[in-house]
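Hi everyone, thanks for coming. Please have a look at what is on the screen, and then I'll walk you through a few parts of it.

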Amino acid sequence: MKYLGIMLKKPKVGFFDFTGCEGCQLQITNKEENLKALFGLVEVVNFREISSERRDDYEIAFIDGCITTDSEVARLKKIREQAGTLVAMGACACLGGVNNLRSRFPLPDVVKEVYDGHHVDSGPVRKVAEIVPVDIELPGCPISKSEFEWLVRHLVLGIEPQFPKYPVCVECKQRLNSCVLDMGMMCLGPVTRAGCNAVCPRNRLGCWGCRGPSEEANFESLMEILREKGFTEEHIAERVKFFNAFSGILNSDC
Amino acid sequence: MTVKTVKSLNIDIKHLCRVEGHGDIRIRVEDGKLAECTWAVVETPRFFEVMFKGLSIEMAPILAARICGICSISHSLASARAIERALKIRIPEPAQKVRLLAMHAETLQSHSLHLFFLVAPDFLNVPSAIPLMQTHPEVAETAVKIKGFANRAADLLVGRSTHPIVIKIGGLTQVPRKIQLTELAKDLDATIPYLWKALDFFRGFKMPDFVRETEFVSLRGVNRYPFIGGDLISSDGICKKEDEYRSMTNEYIVDFSNSKLTRLSRESFAVGALARFNNNYDLLHPKAKEAAEGLNLRPKVHNPYFYNLAQLVECFHIMYESKELLLELIDSDTSEFSIPYKIGRCEGIGAVEAPRGVLYHCHRINEKGKIEKADCVIPTSQNNGNIYYDLHKLVNDLIAQGMEEKETERLSQMLVRAYDPCISCSVH
């Protein structure tokens, strides 16, 4: 494909799903009108969910889902060996995501509750970066298709992607949304990395922090505001922990 | 005439392609006899039932969505419905209509993804839908138009197509403005001709010849083809209340699969588009019946490959009913879309017809409004047993016909794919 008269190289890409809902892969097949252009920029050599063709000569690997079993660890390491660039895609791959909610309980109890003592192969919830080095993290639950397309353009052109450093709150103001905090809802928009175009506050739901923290986020100030508005510590903690996006940043009592 | 018999077959498919999630097919034939035949769900479990524990009820529909990227709206609605039934609240009518429209958008999106991206490549002899853009541009265009409309509808109605934003206990966080609904209705009108084109394509695809009689389970429609709540019925004559879902599904655990299996009157039963079609044919929109006629599809159909065609018929029903729902919303007062609720100790069940069949969520809530126990029974878990027994009969039939290994492998894959399994969902 030519861009401004210059021949672009068409990288070979693979998509690999681990423990998750596959919603991030689905986002890629959505926004159908751009699909032809997207598949014109890259050569998809491995995408089990939509193709029976599977080759292992990919240069870029997109990983979605968290890692929970030994066989997944081995599979992920093999992919890392092959891929020049490895992208962790979505909250499960980048943060462990909602899967961490089960880590509140010991694994044997978890298995017993759901499988009544039958053996199932499972282990602790881990994000991709705990197993192999990750080159790029594309955040969100689910990922945003337009941000994915933006990232692919950067990869094809060989430009390092710069994700927004500012919080969702900035995008929300740019869209002239009414402030959901002012409407009495809890919102993590002031401390969460932008790039989603404030889709949740836009739809009258406070931000749940699925994209992880923005740079230099002022947590103390947000906590103060939330307490002032009457939210309990327990309620705040529940929201902050939902996607496991702020672990290690907040005090353990929160 | 001499009857050819197959002496030996060895088929080992790891992570079957063009399905959601991870499942393996293993078939071994020795001395003309079936030695092994399994449909094994090897997806790793996420233990959602445990994840719900201790969360505030307001979080449940948001967490439930994350069970599945394809049917997140169904999960969110089943979870919200379970809690609303537990709290004995009835959501305002505009919210009910918007929710039903959102289900329609999801089912249309899911069915068209399955029909065009996952199934059509088998009939057009290509590995995926990507080369179709070059080889069959008119098929690709039709897919893009129908699926594109479904996604735009979901974006407008619930905020986005994967992991809806506006569904909350008691109703919705907001409803679209009238002008937006009017635009969507115009968009729908412009999409309907593509549905008739799709019918032409699929009429040209010959579904493999195979029959195994089974029991079909679905919600029972009253006045409307069923999507949200109601009684449970089976084609073997069983009728139960929504709250009796456990005795309708009878989940059990097997060693070869991380998905639980289910049974009712026979060794297995089936849910999904074909079950709904067989059990509620009379309630289909006249245009959907017209499409069914065009495909020579009449209840009761016992060929599982016809799941594909039943899905297409449902797309017609969804589109025409959505138009009616949109007009009703445009002509009515939509200012009430949520009601407040009081927390108390209670338990409730919510059933919806997700794209792949009837889905149940059950939540037990304590006096502080926290979830004490959660249970969900997934459509694909209910179909996995039926797929397993179908596969046995299919391979035995093919052995008797002297079918080659390659063709047996192809037909087995197509059989599993016809059910449109949502495997990560089934393990959850």
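In which strand of chain B is the place of Val352(B)? Val352(B) sits in strand 10 of chain B, residues 346–354. Helices here are DSSP runs of H or I with at least four residues, strands are runs of E with at least two, and both are numbered from the N terminus.

A word on the background. This is a predicted model, where local features need pLDDT of at least 70 and side-chain atom pairs count only at pLDDT 80 or more, while totals for chains, interfaces and linings use all residues. Residues are numbered from 1 along each chain as its sequence is written, and chains are lettered from A and ligands numbered from 1 in the order in which they are written.

Back to our residue: is Val352(B) buried or exposed? Val352(B) counts as buried because 29 C-beta neighbours lie inside 10 Å. The cut-offs are 20 or more other C-beta atoms within 10 Å for buried, 12 or fewer for exposed, and partly exposed in between, with C-beta atoms placed from the backbone. Setting aside neighbours within four places in sequence, the contacts of Val352(B) include Ser74(B), Arg81(B), Phe227(B) and Leu359(B). Contact means that the C-beta atoms, placed from the backbone, lie within 7 Å.

Now to a pair of helices. The axes of helix 7 (178–203) and helix 11 (307–330) of chain B come within 10 Å and cross at roughly 160 degrees. Axes are lines fitted to C-alpha atoms, for helices over the stretch in contact, and angles run from 0 to 180 degrees between N-to-C directions. Helix 7 and helix 11 of chain B are therefore roughly antiparallel to each other, a label for angles over 145 degrees. Among the residues meeting there are Leu188(B) and Phe202(B) from helix 7 of chain B, and Phe316(B) and Met319(B) from helix 11 of chain B.

Let's move to chain A. Five strands form an open sheet there, in the order 4-3-5-6-7, with parallel pairing; strands pair if DSSP finds at least two bridges between them. Strand 4 (43–47) and strand 7 (136–138) of chain A are the edge strands, each pairing on one side only. The twist averages 20 degrees from one strand to the next.

Finally, how do the chains meet? In chain B, 45 residues are in contact with 46 residues of chain A. Helix 6 of chain B gives the most to the side of chain B that touches chain A, with four residues.

Note on methods:
Contact = placed C-beta atoms within 7 Å. Parallel < 35°, antiparallel > 145°, perpendicular 65-115°, else oblique.
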